[in-house]
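Thanks for making the time this morning. I would like to walk you through one model, starting with the chain as a whole and then turning to individual residues.

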Amino acid sequence: MLMTFAGRELDMARSHVMGIVNVTPDSFSDGGRYNTVDMAVQRARQMVADGAAFVDVGGESTRPGAEPVAEQEELDRVCPVIEAIARSVDTVISVDTSTPSVMREAANLGAGLINDVRALERPGAVEAAMETGLPVCLMHMKGAPGTMQADPEYRHVVRDVATYLMDRVRHCEAAGVSADKVLLDPGFGFGKALEHNLQLLAALEQLQVLGYPLLVGMSRKTMLGHITGRDVGERLPASLAAATIAALKGVSVIRVHDVRETVDAVKVVEAMRAQG
Ligand code: 7PM
């Protein structure tokens, strides 16, 4: 169950925490306060001190209604941050991108994982990812970020998501991406109503049986706002409950804003697991 991320080995049978480092000027949860390189490095360093195994660096806002980011703008935002983190923080750097040139450049600068919310659907993305030799996370999204929350419909959300992800895995493997370098993500909040998100959460084991490690992100998301009635700044307890459920269901990587708190929650699950 070991997977190697730019030379760092992690056991995918365990649950690891991935800290979110946003480098978008409009990052919804931090108001864009960490959009300079120094702040991003500081934030990454703190997350790793708090127990994060990964830091996820993204320069394109995938928020519902977001405008697409130009390629050069994305490169300018993300590359200096990845380079600086790679030089000074001992961690796996995940690059949250759908853009082939960003994948290549990030890999050259020391990134260890390609996290693509479009599951390598952009032209040239599968080839770029394959050429880096890095593991890839393929996420399910219904529609595009601009429109995806407009009344999404599914025949059977768990089956539809599983079918889509396996189709993308086949594409990647046909292009030369090896099966032991793939993680899958159901994409909580990406073109899903609350009932869809809850059905996916309840059925994570069914995605687990596809045979690839899972990565999930529910931290502070609208689904938790709908459940609790809380604003985004007040969703830490709900986010910890969601992370705990994911860890219990065997998810390998849990993507969060609040690393320190989530690492404690995951430690409780891991301690129980170690006991048998
Ligand atoms: C605004 C709204 C900004 C939503 C950012 C977001 C995921 C991801 C994101 C996920 C993977 C967020 C999202 N979510 N990558 N990137 N899985 N693999 O809440 O769920 O962070 S962006």
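**Charges, fold and a few local details**

Let me begin with charge: the chain has 27 positive and 36 negative side chains, and the centres of the two sets lie 3 Å apart. In that count Lys and Arg are positive and Asp and Glu negative, with His and the chain ends not counted, and each charge is placed at NZ of Lys, CZ of Arg, CG of Asp or CD of Glu.

Before going further, please keep in mind that this is a predicted model, in which local features need pLDDT of at least 70 and side-chain atom pairs count only at pLDDT 80 or more, while totals for chains, interfaces and linings use all residues. Residues are numbered from 1 along each chain as its sequence is written, and side-chain values use heavy atoms, with hydrogens and water left out.

As for the overall fold, the secondary structure comprises 10 helices and 10 strands, taken as DSSP runs numbered from the N terminus (H or I, at least four residues, for helices; E, at least two, for strands). The C-alpha trace spans about 40 × 40 × 40 Å along its principal axes. Of the contacts with a separation of 6 or more, 69% are between residues 24 or more positions apart, a contact being heavy atoms within 4.5 Å.

Buried residues account for 54% of the 276 in the chain, where buried means under 20% relative accessible area, exposed over 50%, and partly exposed in between, with a 1.4 Å probe and protein chains only.

Now to the salt bridges, of which the structure holds 10; the criterion is a side-chain nitrogen of Lys or Arg within 4 Å of a carboxyl oxygen of Asp or Glu. One of them joins Arg255 and Asp56, at 2.8 Å from N to O. This pair links distant parts of the chain, with Arg255 in strand β10 and Asp56 in strand β4, 199 residues apart, and both Arg255 and Asp56 are buried.

Glu73 and Arg77 form another, with their closest N and O atoms 2.8 Å apart. Because these two residues are four apart in helix α2, about one helical turn separates Glu73 from Arg77. Glu73 is partly exposed, at 36% relative accessible area, whereas Arg77, at 18%, counts as buried.

A further salt bridge connects Asp258 and Arg220, at 3.0 Å from N to O. Here too distant parts of the chain are linked, since Asp258 lies in the loop between β10 and α10 and Arg220 in the loop between β9 and α8, 38 residues apart.

Ala119 is buried, with a relative accessible area of 0%, and Leu120 counts as buried at 2%.

Finally, Gly143, in the loop between β7 and α5, is exposed at 54% relative accessible area.
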